[in-house]
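The structure comes first, and the text follows.

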Amino acid sequence: MATSLGANTYNRQNWEDADFPILCQTCLGENPYIRMSKEKYGKECKICARPFTVFRWCPGTRMRFKKTEVCQTCSKMKNVCQTCLLDLEYGLPIQVRDTGLDIKDDVPKSDVNKEYYTQNAEREIGNSDGTRPVGLLGKAPSSSEMLLKLARTTPYYKRNRPHICSFWVKGECKRGEECPYRHEKPTDPDDPLADQNIKDRYYGINDPVADKLLKRASTMPRLDTPEDKTITTLYVGGMGDTISDAELRNHFYQFGEIRTTTIVQRQQCAFIQFATRQAAELAAEKSFNKLIINGRRLTVKWACVCSCSDSLLSPTALPPPPALEEDVPTNYFNLDPGTSPNVMNISLPPPPGINPPPPGFGAPMFHMGSMGPPPPMGMRPPGHIHYPSQDPQRMGAHAARHGD
C-alpha cells in the first residue's frame with residue numbers, strides 16, 4: 001500500500017473520513033430503512049490508491065451485499081456513484097456522458113501525477129459550494145439531446161441481484177432454495193458485456209456498456225416534420241392517470257400560444273394544438289424523446305388522422321357528423337342490399353297451437369320476382385314497422401274492431 005498507516009503525517013491527514021457515502025438510487029435500494037456498516041480506512045480507493053471509509057449494506061431482500069469502491073474525492077471529480085461509477089444525473093457510464101457533453105477529462109494514471117491531480121481537485125472541491133461538479137465537467141453545458149434520450153429516469157434494482165452460483169453451473173450445489181446465489185444459466189463468456197472493470201469505466205475507455213449505449217444512440221428514431229403546413233397539433237402518449245391538463249400546458253406554453261388541449265383518458269394520450277406552425281415545430285424539437293413529467297417519459301409525435309390505437313381523431317381532423325335517420329335506408333330483416341328480389345319471399349308461419357287459415361282466407365302472399373311489387377297497404381304509414389297482427393286484412397281483425 002503506497003499510503004499505508006506507516007506513511008508520513010501529511011498523507012494521513014488527506015485520508016477520507018466520511019459519515020455517509022455518495023450513492024445512486026439503484027445502489028441504495030428500494031427499502032428506505034437499511035443498516036450500513038462503516039469501516040474507517042477500510043480499503044484503498046481503486047483509482048487514487050488512498051485509504052478511505054468503506055460502507056457496506058444490503059440494498060434489499062434477496063439482493064447481494066454492496067460496498068463503496070472509490071473514495072468520495074474521485075466520486076466528486078466525475079460526479080459518479082461510489083459503487084457503480086455511473087453518472088448521478090443521467091445514470092449513464094462516464095464515457096457516454098463525456099461524449100454527449102463533448103468533453104475529454106484525462107485523469108493521470110501514474111502515481112505521482114495522480115496524487116498531484118487529486119490534491120488540486122480536493123482544493124477545488126473545498127472552494128466550491130458542493131452543488132455542481134468541478135473541473136471540465138462543471139464548465140460543460142448543462143444538458144445534451146443524446147443524454148436526455150438515453151438517460152435512465154427510474155432505478156434498475158435488478159442490477160443488485162446476487163451473482164450466479166458457480167456450483168449450480170457445475171451441477172454440484174447442495175443448498176437448493178437456501179442458496180443465496182442465483183441458479184440461472186450464465187451468459188455467453190464471449191459477450192463483451194461479460195468483461196467489465198472499474199478502472200476502464202472510470203477513465204471512460206474500453207467500456208462495453210458505453211459502446212452499446214452509443215450504438216443505440218446512433219440508431220435512435222428521428223421525428224420527421226409533416227409536409228402539410230396546416231398541421232399544428234402534437235400527440236403526447238404514455239401519460240398515465242397522474243398527469244393533468246395544467247401540467248401539460250405548463251410545459252408546452254413556453255414554445256408558443258396553445259389553441260386547445262385535449263386529453264383522452266381512456267387511451268392515456270393528449271393532443272396539443274398550437275396557434276402557429278413555428279411554435280409546434282419548436283415544441284416537437286425540444287420535447288421529442290426528452291419530455292419527462294412526474295417521473296414519466298412521454299412520447300411526443302406529430303398528430304395525424306389516427307394517432308391512438310382505437311382510431312381517435314386529432315383536433316385538426318374532426319370526424320364527419322352522423323347521418324340523419326331519414327337518410328338511412330330501412331332494412332328491417334337485415335337482408336343484404338345486393339340480394340336478388342327473387343329470393344325475398346316473405347312468409348310468416350302461424351304461432352304454435354293455432355291452425356293455419358283455410359284456403360281463400362288470410363293475407364295473400366306476393367312473390368316479388370314473378371308478380372311484380374306488392375300492393376300498398378293502406379293502414380301502414382311509410383317508415384313504420386309492420387306487424388302482421390295489425391293487418392286489417394287479417395282474419396278476425398274486422399270483428400275485433402267492431403267488438404271494441
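## Cysteines and cores

Cys165 is buried, with a relative accessible area of 4%. The model is a predicted one. Cys74 also counts as buried, because its relative accessibility is 1% and the cut-off for buried is under 20%.

A disulfide is a covalent bond between the sulfur atoms of two cysteines. How many disulfides does a search of the whole structure find? The search finds 0. Neither of the cysteines in the table is in a disulfide, and for a pair to count, the sulfur atoms must lie within 2.5 Å.

| Cysteine | Nearest cysteine sulfur | Distance |
|---|---|---|
| Cys74 | that of Cys71 | 3.5 Å |
| Cys165 | that of Cys173 | 3.8 Å |

The largest nonpolar core is made up of 21 residues. Leu234, Val236, Leu248, Phe252, Phe274 and Leu298 have the most contacts inside this core. Two or more residues each are given to the core by strand 4 (233-237), helix 11 (245-252), strand 6 (269-274), helix 12 (277-287) and strand 9 (299-302). Which element gives the largest share of this core? Helix 12 does, with 4 residues.

Val236 shows what such a position looks like in detail. Setting aside neighbours within four places in sequence, Val236 is in contact with Leu248, Phe252, Gln268, Cys269, Ala270, Ile272, Leu291, Leu298 and Thr299.

Another core, of 16 residues, lies apart from the largest one. Among its residues are Phe52, Val54, Cys71 and Met77.

Methods. Residues are numbered from 1 along each chain as its sequence is written. This is a predicted model: local features need pLDDT of at least 70, side-chain atom pairs count only at pLDDT 80 or more; totals for chains, interfaces and linings use all residues. Side-chain values use heavy atoms; hydrogens and water are left out. Buried means under 20% relative accessible area, exposed over 50%, partly exposed in between (1.4 Å probe, protein chains only). A nonpolar core is a set of buried Ala, Val, Leu, Ile, Met, Phe, Trp, Tyr and Cys residues joined through side-chain atoms within 4.5 Å. Contact means heavy atoms within 4.5 Å.
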